[in-house]
Structure formats: structure tokens, C-alpha cells
Amino acid sequence: NEHIILAKRPQGMPDESDFTLEEIPLPVPQAGEALVRTVYLSVDPYMRGRMSDAKSYAKPYEVGQVIAGGAIGQVMESADPTLREGDFVVGTWGWQRYAAVQTGSLRKVNPDLAPISTALGVLGMTGLTAYFGLLDIGQPQAGETVVVSGGAGAVGMIVGQIAKIKGARVVGIAGSDEKNRYLTEKLGFSAAINYRSDDLASALAEACPDGVDVYFDNVGGEVSDAVLRLINRNARIPICGQIALYNLEKPDTGPRIQSLLLTNTALMKGFLVGDYASRYPEALQELAVWLRDGKIQYAENIVHGFEKTIEAFLGLFSGENLGKQLVKVSEE
Ligand code: NDP
């Protein structure tokens with residue numbers, strides 16, 4: 001068995017030396033626990049926040065402790081009659097090959113509904129984030145313009161497609177032409193802008209001739225500064241993530257935009273997907289129907305091998321992934 005622990009708190013952009021991969025004995029499940037073999041594990045931008053000890057909504061990881069996070073596995077041993085050997089489950093045991101996990105913290109995954117990996121993506125945390133942030137706060141209406149940054153990521157590509165289902169015109173922002181072609185040609189976004197190579201202000205003005213009614217913000221920083229200059233009266237701005245800021249060593253003070261919110265009577269609101277937990281079942285059901293009916297598609301970027309986990313995590317900050325980044329640890 002192996003696991004990955006936080007070796008020290010990263011300063012700025014993390015690197016391999018902030019983590020240690022260790023060999024450890026196979027855990028022995030205690031009362032109330034199941035032994036699980038990891039099949040997929042998730043690497044997520046929010047994990048960067050938990051590596052720091054700054055005050056936040058989630059408890060910081062402890063130095064020397066395993067990196068906790070979303071994972072899918074197969075039950076090898078269980079004394080809980082509702083979980084049988086061979087069942088697939090999703091939980092938060094994180095970066096370890098085998099884990100003894102409290103059965104109450106596991107949700108069964110139905111492999112006949114969709115590929116099991118979707119339980120970490122479109123039918124899991126990132127799909128739910130897109131769903132609640134967009135529908136609860138963004139509330140896109142038919143004919144409105146929705147802009148989504150981080151548009152080719154796990155959350156962003158689902159945001160754009162749900163906005164389309166609601167009849168909105170969707171403009172994505174992502175870091176490569178290849179990603180943007182995927183958004184316009186495969187997913188039917190009306191336009192997609194490359195924030196690394198395009199002149200943002202003019203590309204946005206061209207792509208949003210009627211202004212911006214909903215801005216779903218995954219990245220923050222200069223990309224968001226440019227979009228916010230185009231908001232319309234009564235615009236809604238769900239603040240989902242600020243990945244452009246996660247590795248900054250000094251706080252970033254951008255333009256002060258409160259007057260734009262005031263004059264446009266706009267709403268900007270942060271949200272945490274976990275606060276919607278009581279509504280997950282209804283959302284997962286609707287997402288599964290959209291998926292089955294071909295109204296939403298998803299992409300996954302899968303690297304193979306537990307030893308690639310750290311590299312896959314670091315790749316999130318250089319945009320290596322189209323869609324949900326996963327690590328495949330063992331066969332299904
Ligand atoms: P993604 O799949 O979108 O992966 C991260 C992507 O961010 C990269 O592929 C990269 O794409 C882009 N990126 C990286 N660095 C920068 C930068 N400096 N400026 C602009 N873009 C950058 O991750 P997720 O979909 O899982 O998460 C998206 C956002 O949502 C994150 O900010 C995350 O923290 C947040 N989140 C919030 C939740 C909540 O409850 N509020 C829950 C889940 C996620 P590119 O090539 O386009 O640069």
C-alpha cells in the first residue's frame with residue numbers, strides 16, 4: 001500500500017518537494033469501516049487552499065497527514081450489510097491506494113448508470129458545483145449572455161452546457177485554442193476566448209455585443225476584471241473559484257469594481273457546493289437525465305498510475321486538463 005502526505009506547506013506554486021509518497025501497510029478495517037481499493041482519485045484546485053494554514057472554509061491539511069479528497073474505489077471487505085464486496089463507492093479518503101473508511105461516509109456508485117469516473121465529475125462534486133452556482137445564483141434566462149471563465153475545466157464546461165439548456169448564449173474563456181475549439185465545435189458555445197493570446201477586452205466586446213448578464217467566475221484576476229467591465233443591469237456573478245490567485249505569495253489588489261456593481265445593480269455572491277448537500281439527490285437526478293439525453297457531454301483527462309498524482313495536481317495550475325482531471329490508480 002502507498003499514500004501521499006503533505007511534507008510541508010507550499011510557498012507560492014507548489015512542487016513535488018511539498019509531498020512525500022510513502023509505503024505503508026495495508027489497513028485493517030475496524031468496526032464500522034470497509035476496506036476499499038482505490039480505482040480513481042481526484043485532484044482539485046481547492047486542495048491548494050487546504051495545503052495552506054490560512055483561515056478558510058475547509059480545515060487545513062496537517063503536515064505529515066494524507067491528502068484527503070474525492071476518490072472512487074471498490075469494496076474489498078465490509079461488515080456493513082448495505083455494502084458488499086465488489087461494490088463501487090465514492091468517498092473522500094484521498095490520495096491512498098487502499099483505505100479503511102467509515103461506511104457512513106461512502107456513497108454507492110451505480111456502474112450501470114454511467115462510467116463510474118463520472119461520480120467525481122459531471123455526476124459528482126464538479127457537476128454539482130456547476131449546477132447550483134449557475135442555477136441558484138446565476139439564474140440564466142433565455143436569450144441572455146452567460147460568460148464562464150475556466151470554461152474548459154470540469155466545472156466550467158458543465159456550466160456552459162446548463163446555460164445553453166436554459167436558452168442562454170454562452171461565451172467561454174480558456175487558456176488554449178484547442179480547448180476553445182472543443183467548446184465551440186463540440187459543446188456548441190457561441191464563442192470562446194483564449195485569455196493567454198487574445199486581447200481580452202476587444203475579444204470580449206466582440207463576443208458579447210449585448211453585454212454580460214451572468215458571469216460565472218472560476219478564475220478571478222485579470223480575466224474577471226475584463227469581464228466585469230461588460231456587465232449589464234441586474235447581472236448575476238456567482239463566485240465559484242479564484243484559481244488565478246491561489247498561488248500568489250502576496251495578496252492581489254485589482255481594480256475596485258464596487259461602483260460597477262452599484263451602477264448596474266448587480267449581484268456578486270460566493271458559494272460553496274457543500275452548502276447544497278441536502279439538494280444533491282435532485283441535482284444528480286437532473287444531471288443524469290441531461291447526460292442520458294445527450295444534452296450535456298463531459299471530458300476527462302485521465303493520467304494512469306498512483307505515482308502520477310502530484311504531477312496531475314500541479315498540472316491544474318498550468319492548464320494541462322480538458323475537463324475533469326483524474327488519476328486512474330487500479331483497474332475497475
Ligand atoms: P478545472 O478543471 O477548471 O482545472 C483548473 C483550470 O483552471 C485549468 O485547467 C486551467 O485552464 C485554469 N487555470 C489555471 N490557472 C489559471 C490562471 N492563473 N488563470 C486562469 N485560469 C487558470 O478545475 P475545476 O473545474 O475543478 O474547478 C474550477 C474552479 O472552481 C476552481 O477555481 C475551483 O477552486 C472552483 N471550485 C469551487 C467550488 C465551490 O464550492 N465554490 C467547488 C469546486 C471547484 P486554462 O487552460 O483555461 O488556463
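Is Thr 265 buried or exposed, going by its C-beta neighbours inside 10 Å? Thr 265 counts as exposed, because it has 10 C-beta neighbours inside 10 Å. We come back to this residue in the last view; bear in mind throughout that the model is predicted.

**View 1. The ligand sits between two domains.** The shell takes residues from both domain 1 (2-121 + 299-328) and domain 2 (125-274), so the ligand lies between them. In total, 31 residues surround the ligand, and the closest are Gly 153, Val 155, Gly 175, Gly 241 and Gly 319. Helix 2 (125-138), helix 3 (154-165) and helix 6 (221-228) are the elements that each supply two or more residues to this shell. Helix 3 gives the most, with three residues.

**View 2. Strand 9, covered on both faces.** Zoom in on strand 9 (residues 169-174). Six of its six residues are buried, so strand 9 is largely enclosed by the rest of the structure. In a regular strand, side chains alternate between the two faces of the sheet. On one side of strand 9 you'll find Arg 169, Val 171 and Ile 173, and on the other Val 170, Gly 172 and Ala 174; all of these are buried.

View 3. Start with strand 8 (residues 145-149), which runs parallel to strand 9 and is joined to it by five bridges. Across this pairing, Val 148 stands opposite Gly 172 of strand 9. To get from strand 8 to strand 9 the chain goes through helix 3, making a right-handed β-α-β crossover. Over to strand 10 (residues 191-194): strand 9 pairs with it in the parallel sense too, over four bridges. Val 171 faces Ala 191 of strand 10 in this pairing. The link from strand 9 to strand 10 passes through helix 4 (residues 177-186), and this β-α-β crossover is also right-handed.

View 4. Next comes the pairing of strand 12 (residues 231-239) with strand 13, which is parallel and has four bridges. Look for Arg 236, whose bridge partner in strand 13 is Leu 267. Cys 240 is in the loop between strand 12 and helix 7 (258-263). Cys 240 counts as buried because it has 28 C-beta neighbours inside 10 Å, and the cut-off for that label is 20 or more.

**View 5. Two loop residues with positive phi.** Gln 139, in the loop between helix 2 and strand 8, has a phi near 40°, a positive value in a residue other than glycine. Gln 139 is partly exposed, with 14 other C-beta atoms within 10 Å. Then there's Thr 265, in the loop between helix 7 and strand 13. Thr 265 has a positive phi of about 40° although it is not a glycine.

Notes. Residues are numbered from 1 along each chain as its sequence is written. This is a predicted model: local features need pLDDT of at least 70, side-chain atom pairs count only at pLDDT 80 or more; totals for chains, interfaces and linings use all residues. A residue is near a molecule or strand if its C-beta atom, placed from the backbone, lies within 6 Å of it. Domain bounds come from an automatic or database domain assignment. A residue is buried if 20 or more other C-beta atoms lie within 10 Å of its own, exposed if 12 or fewer, and partly exposed in between; C-beta atoms are placed from the backbone. Two strands pair if DSSP finds at least two bridges between them. A crossover is right-handed if, with the strands pointing away from the viewer, the path from the first strand over the helix to the second runs clockwise.
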